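Here is a walk through one chain, taken from the overall layout down to single side chains. Keep the viewer open and follow along.

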Amino acid sequence: MPSPPPRLYSLPRDEGRALLPTGVAAGVAAFVVGTLAVAGWLALATDGSFSTLDAATEMTGGKSVPVPFVPVWTFGGAMGLPVRLVETTGPGRAVVLRNLVDGLDGPADSWYWLGALPPACVFLAGFVTARLTAWSRRPAEGFVTGSSVAFGFAAGVAVAAVVARVGLGDVPPNAEGFVRVGSTGFHPTDLDGDSVGLPLWGAFSGLVFGVVFGGLGGAVASLVDRLVSAVRNRSKKA
């Protein structure tokens, strides 16, 4: 039997929380919790300050990176998003990309497990959203409910792409007279007004992550709820 239509905005006391506010909040929380988990791992697995990690400063011409940006860039890398520079002020156009997870990965320690972190965070967000809202009695309803986290998760990625950027206009040249970003050398004047950070199109990746993994979390929540209800009914009949 299908559930009654969900309440999208209101917060009824007897029918669970509203779908959209709960989903958006859970999506934002998934991004924040994932980034904090990466920050904790970085603190345990690396020596020195985040701001001077070679994996990050190789994309900034050696310039120190604000400490909060490194976990954000690394979490983005776990989603497959590179730290990106598109240089357009000089002659021609150069694109420099680097996934920070690949940069941190070394011969002794593997960081590829970080690829499971964003899906896990979004899955849990979808699971929690389906549990808190009332419209999730069937797996299809649970999937739709869980996928509502996509809006909040994509918003988190978009804000990170806009805010977590490092300007390169003030990076001094090296002894050869150019600034090295990744493996590419630039004349200092060519970098005026340019910056590096996650690409804004990463918000679309956030939407895909939210719909797929958040939806799966919601579907699993509905299946768990049905299983628990079936067990309770059997115990009552026994």
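How many of the ten residues of helix H3 (residues 69-78) are buried? Ten of the ten are, so H3 is largely enclosed by the rest of the structure. Keep in mind that this is a predicted model. The buried run takes in Phe69, Val70, Pro71, Val72, Trp73, Thr74, Phe75, Gly76, Gly77 and Ala78. Burial here means a relative accessible area under 20%. Just past the end of H3, Gly80 has a positive phi of about 95°.

**The overall layout**

Stepping back, the chain holds eight helices and six strands. Going along the sequence, they come in the order α-α-α-β-β-α-α-α-α-β-β-β-β-α. The chain has 238 residues, and 43% of them count as buried. If you look at contacts between residues at least 6 apart in sequence, 73% of them join residues at least 24 apart.

The UniProt record, an unreviewed entry, lists residues 20-44, 111-130, 142-164 and 200-224 as "transmembrane region". In the model, residues 20-44 are 100% helix and 0% strand, with their end C-alpha atoms 36 Å apart. For residues 200-224 the end C-alpha atoms also lie 36 Å apart, and that span is 92% helix and 0% strand.

**Helix H1 and its two partners**

Helix H1 covers residues 19-45, and it's a handy place to start tracing the packing. One partner is H3. The axes of H1 and H3 come within 8 Å and cross at roughly 110°, so the two helices are roughly perpendicular to each other. Their crossing is right-handed. On the H1 side, the contact uses Ala30, Phe31, Gly34, Thr35, Val38, Ala39 and Leu42; H3 brings Val70, Pro71, Val72, Thr74 and Phe75. Sorted by class, that contact has nine nonpolar, three polar and no charged residues.

The other partner is helix H7 (residues 149-163), whose axis comes within 6 Å of the H1 axis and crosses it at roughly 45°. That makes H1 oblique to H7. This crossing is right-handed too. From H1, the residues involved are Gly23, Val24, Ala26, Gly27, Val28, Ala30 and Phe31. They meet Val149, Phe151, Gly152, Phe153, Gly156, Val157 and Ala160 of H7. By class, this contact divides into ten nonpolar, four polar and no charged residues.

Ala30 and Phe31 turn up in the contact with H3 and again in the contact with H7.

The table gives the location and accessibility of some individual residues.

| Residue | Element | Relative accessible area |
|---|---|---|
| Ala56 | helix H2 (residues 54-57) | 1% |
| Thr35 | helix H1 | 10% |
| Phe153 | helix H7 | 0% |
| Val196 | strand S6 (residues 195-197) | 0% |

Begin with Thr35, part of the H1 side of the contact with H3. Leaving out neighbours within four places in sequence, Thr35 is in contact with Pro71, Val72 and Phe75.

What does Phe153 touch, not counting residues up to four places away in sequence? Its contacts are Gly27, Val28, Ala30, Phe31, Phe75, Met79, Val122, Gly206 and Phe209. Among them, Phe75 is one of the buried residues of H3. Phe153 and Ala25 sit 128 residues apart in sequence, yet their C-alpha atoms are 8.7 Å apart in space.

Ala56 also reaches H3. Setting aside neighbours within four places in sequence, Ala56 contacts Val65, Val70, Trp73 and Leu100, and Val70 and Trp73 both belong to H3. Ala56 and Leu104 are 48 residues apart in sequence and 8.7 Å apart from C-alpha to C-alpha.

The C-alpha atoms of Val196 and Thr60 are 7.1 Å apart, although 136 residues separate the pair in sequence.

How values were computed. Residues numbered from 1 in each chain as written. Predicted model: local features only at pLDDT ≥ 70, side-chain atom pairs only at ≥ 80, totals over all residues. Heavy atoms only, no water. Buried < 20%, exposed > 50% of the residue type's maximum accessible area, 1.4 Å probe, protein only. Helix = DSSP H or I, 4+ residues; strand = E, 2+ residues; numbered from the N terminus. Contact = heavy atoms within 4.5 Å. Axes fitted to C-alpha atoms, helices over the stretch in contact; angles between N-to-C directions. Parallel < 35°, antiparallel > 145°, perpendicular 65-115°, else oblique. Left-handed = near helix turned anticlockwise from the far one by under 90°. Nonpolar A, V, L, I, M, F, W, Y, C, P; charged D, E, K, R; others polar. UniProt positions renumbered as here; feature names shortened; annotations may be inferred.
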